[in-house]
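Work through the exercises below with the structure open beside you. Try each task before you read its solution.

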Amino acid sequence: MPTDYHGFSRRRLLGGTAAGAAFLAMPSIVRAQTQSLKIAVILPQSGYLAQAGQSCHRGALVSSSVLSEFGHKVELMHIDMESNPDVARTQTERAINEGAQCVVGAFDSAATLAIAQVCEQRQVPLIVNIGAAPQLTEQGYKFLVRNFPTGGMLVANGLKQIKALIDATKIEPKTAVFLHANDNFGMAQRQGMDKLFPTAGLPFKLLDSIPYDPKAQDLSVEVTKIRGLNPDLLLVVTRAADAIKLVRDIVRQKFQPMGIISPGAPGLYDEEFYKALGPLADYHIDAIPWANPKSKVTQALEAAFKKQQPNFRFAVECFNVGFTFDALLIAADSFKRAGTATGPELMKALKATSLTDHAMIGPPIKFDEKGQNVDIPSSCVQNRSQTPTVVLPADVATMTPVLPEPPWQGRT
Amino acid sequence: MAAITLNVIVQGLLTGLVYGLMALGLSVIFGVMRVVNFAHGEFTVVAMYAAFILFETLHLDPLITLLPVAAAFFGIGYLLQRTLISPFVGRAEHEQFILLVGLATVIVNGLLLVFGPDARPINLSYSFDSYAVGPLFIDKVRVLAALAALAVAATLFLFFRYTRTGTAIRACADNLTGAAVVGLHVKQLYAVTFGLGLACVGAAGTLMATIADAAPDLAQAYTLLAFTIVIIGGLGSMVGALIGGILIGVSEALAGFYIQPSMKSMFSFALLIVVLVMRPQGLMGRRL
Amino acid sequence: MSGIWLHTSRRGKALSLLLLLAFVLVPAIADRYLLSVLILVFYFAYLGQAWNLLMGFAGQLSLGHALYLGLGAYTATALWTLFGIGPWLGVFIAIPVAAAAGMFIGWLGWRFAIEGVYFALLTIAFAEFTRIGFDHLQFTGGAGGLFLPVNGEAAGKWWNLGGGPLLYYYLSLALAAAATVLVAALRQSPLGYRWLAVREDPQAAQAVGINIFRARMLAMLISSSMTAVGGVFYGFYYRNLFPSQVFDISHSIELILAPIIGGLGTVFGPIVGAIILTPLGEALTGLVQSLGLNAPGAKAIFYGLTLMVIISLQPNGVWPWLARHLRLDRPPE
């Protein structure tokens, strides 16, 4: 048998493999001593979380210029993890290879956890901009901080705000029903509700907690069930698309509660919600953390957003934009204090953060030993003229709350 | 309580008819060509977006745009069959599967790229109206969509029963060799069949757009739903597809109401398993 | 076993050993990113081998294999978080759980003559049913998810599968290699030939006295057991489980892409498929990013197109074509 044939193919294969391996195994870029912090922003820009992910992404895009206005220099790497933890993991590795000194992300808990593991092993700080699963700060990651409330905190603060709302509007609801999506966010809220409602001191009784399938085509059955119970208040934890279906079916079935209130979920303030429902979107209330209209940081952010993203309304996106910006601000601020971007030093500075001026409503940002910011208050945000408006607490409000909701018929 | 149950059943029935129309397209394609269209839901969503665009630009009610969309989809189906699908007819299922999964991925992400992730509603003047029939509230859009679905299905049924092409297609489904022997132009008929199947999808999607909001992530659920309905109703039976749709619509609604809404779909899948095991030809299908 | 070794051409033996050696040595020069990608490659190659056994050898299309993945993952992780039983033991409980599910589905399917697409839909139905079921199963966390502790005393030791990427790299490599050897051995065994007969012509097989039902059930048993082990790996590698992720149909679809693209019914098909597809996905992501396109979804479009092109040009998979060109299909002289 001809020997050159064998030799030829083996050599070729070896050469090809080596070349391929060399191509994929790009050497880590030497971390030069620069003045700017390289941050990887990892978000679900496609896949089932695309809507929220793209909103956060717009916030990240706008943040660079605003951060430099305030004297911070950052270099952002925008990464789409496709709502998939596998991709989140490999992309984090790649980002760190390409010099990312800090990671912000990732909205989806499963992906955030995949990223957290990589960050922990490579000692690169992770700042969670949005993510409510309590376990993120319970599992014991040392290189993670979260500037977002846990599901439990959202519910606790939300219930507090609902109490304030009832006092302010003088309504007298006797009963309520809690409707929530049966996904990890909805379940986190449900667990919070089960634990906290009995001792929250609210004047109404919780008749039932109804979980719905977020993949369902319509919510008419759920609404029929709710209508049968006829509660005064409807508490909801939904995503945008579901919120539209919900309100639509409520209107069709002529169910008129005193109010539709969310104890801390998205959905009632998304642009698609307003577009779909028009005046029927008004008067629903969301008790969630919100951007502080009186903060100069927020005002700068708003101005930049208006200029750079003219097709989107800041008033609607400020939740995602604000939290994403704040996460980046925390990173930049810690970098300034630490004077270096090496992992452990930067992490120490992060843990010691005390940031007074930031976008969202609340006291200075501080983290506890687990890396959680426990002081993120909620406010009542009511839809007025299809724009989310802060109505409580009074010191940051721009309008007063209106309840009970006016009837569906005759709304303009 | 009885009134509410009846309400749930009626709404489920109406919605189920539209699902049935969607499944009908799948039944036609699979029943005749044995092509497993795993991109079925994706095509439905494209039709929903088509209806949405026509409504936004020309302000036409989907009940009207139903016809042009269905016609356009017929054309697309015909072309698709002649070019892409044809070599895969008769090939192993897993090969068809990969082709159509690839196509589905392209479609869904294309929609995401073009339209963005937000749900797109069609706000008709009567979107929020409902008929009060005694103690029941029945959504106007669902009634109209269900009636339209029935009309389309009836048209298709008449086509297959009473026209030459329809009979020829049924011949292909029954006995392919025999059909070829008799001189039927099989390739052409297959293309017509795929076109008809997609036309159904086009019609169903247009009607669906009045009930649900177009969004890329609906696609996979619709594919599964279509397959579930077709299996339960019976492959190759048009009436079966509609009955299957109604059955799924009603049973899911009842399961959601009496057991727990988040477990709705479990019920449909359980039903699917039972039908597959007990009566694989479905309720109305011919014996395999 | 020696049978397969003898049957492989010299060239084939050399190449497979070389490949294995290369993978064993890669961590010495590779960075973590490459390692994380390779872990995924081995993981999908392993699952591909498991699925290929049922489909490529026994001819049964399962589109719900994520069921066994999820059952394996949940069993092992639940045993760990609730009872402190480590994964090396837990896997032996995870396997029978998944296998039982597989056997049940197989029995239902083949006892009642559910074939082809119908069988595929049966598997989908079971996977979806289980997914929603687990969404409501509170003692494993329901939709809220099951979480493994990250730091702390018990974590971080190899017997609890807490470790760096190197541990998982060699573990996944070992799994993929072992699966390949197992599959090759089975293929040359009497059982393998029975499977081939059942796949090609069930009626003829029955006529010569092969018990089709038994053969298929065995294939399902081995396939689901292997997949369960993959699930245990998955659970401990990611350290968290959500029913909507693990049991989802997209997961089932993901794991069958490699064996089909690589080459159904071949021993090296799943490996070749995994080596092509996973890095392809990464390369496309990198490409889209380097072009600076703000186009979410673009990568997935390219990926989908690639699938369509490959299956149109090489319906039997890339490996048979590759083997022909590398002259690997010739028996040893």
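This is a predicted model: local features need pLDDT of at least 70, side-chain atom pairs count only at pLDDT 80 or more; totals for chains, interfaces and linings use all residues.

Residues are numbered from 1 along each chain as its sequence is written, while chains are lettered from A and ligands numbered from 1 in the order in which they are written.

**Exercise 1.** Find how strands β6 and β7 of chain A pair.

Step 1. Locate β6 (residues 175–181) and β7 (residues 205–212) of chain A. Strands are DSSP runs of E, at least two residues, and helices are runs of H or I, at least four, numbered from the N terminus.
Step 2. The two strands pair in the parallel sense over seven bridges; pairing takes at least two DSSP bridges.
Step 3. Check one partner: A:Leu179 bridges to A:Ile210 in β7(A).

**Exercise 2.** Describe how α7(A) packs on α10(B).

Step 1. Helix α7 (residues 220–229) of chain A and helix α10 (residues 238–258) of chain B have axes 9 Å apart, at about 40 degrees. Axes are lines fitted to C-alpha atoms over the stretch in contact, and angles run from 0 to 180 degrees between N-to-C directions.

**Exercise 3.** Count the residues in the contact of chain C with chain A.

Step 1. Chain C gives 39 residues and chain A gives 43 (contact: C-beta atoms, placed from the backbone, within 7 Å).
Step 2. On chain C, α2 (10–29), α3 (32–57), α11 (243–246) and α13 (269–290) each supply at least two.

Notes:
Two residues are in contact if their C-beta atoms, placed from the backbone, lie within 7 Å.
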